[in-house]
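Here is a brief report on one chain. Look over the sequence and the fold before reading on.

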Amino acid sequence: MHYKIKLIGTTRVPHKPWLALGMDGNFHFSGIDYARKFDKLGQANEWLNYLKGCGKKVFMTWHDGKSWGEVNRDVLADMNPTFFDPFK
């Protein structure tokens, strides 16, 4: 199982909505083929909180083979997020 982060559009789903991490260390959004796969829920949650802090409207999905769904937001809220700076 792994986790991905998806961008929400204001009126429709963006053309490239999935979080991707570039070789330069910066993040951008791309198609699902280039989406970052997080194997740990905690690390994905840190990125989710960081992106929300940057003003992005995002949510997290879980993927297990051909099945997938949205990660329960109550579980994420109970994880006590810490400050995370991915560019440090």
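## A buried asparagine

Asn 45 counts as buried, at 4% relative accessibility. Buried means under 20% relative accessible area, exposed over 50%, partly exposed in between (1.4 Å probe, protein chains only). Asn 45 sits in helix 1. Helices (H or I, at least four residues) and strands (E, at least two) are DSSP runs, numbered from the N terminus. Setting aside residues up to four places away in sequence, Asn 45 touches Met 60, Leu 76 and Met 79; contact means heavy atoms within 4.5 Å.

This is a predicted model: local features need pLDDT of at least 70, side-chain atom pairs count only at pLDDT 80 or more, and totals for chains, interfaces and linings use all residues. Residues are numbered from 1 along each chain as its sequence is written, and side-chain values use heavy atoms, with hydrogens and water left out.

## The nonpolar core

A nonpolar core is a set of buried Ala, Val, Leu, Ile, Met, Phe, Trp, Tyr and Cys residues joined through side-chain atoms within 4.5 Å. The largest one has 15 residues; Ile 5, Leu 19, Phe 38, Trp 47, Leu 51, Val 58 and Met 60 touch the most other members. Strand 1 (2–7), helix 1 (41–53) and strand 4 (58–64) each give two or more residues. Helix 1 gives the most, with 5 residues.

## Strand 4 and its partners

Strand 4 pairs antiparallel with strand 1 over 6 bridges. Two strands pair if DSSP finds at least two bridges between them. Lys 4 has Thr 61 of strand 4 as its bridge partner. Thr 61 also stands opposite Glu 70 in strand 5.
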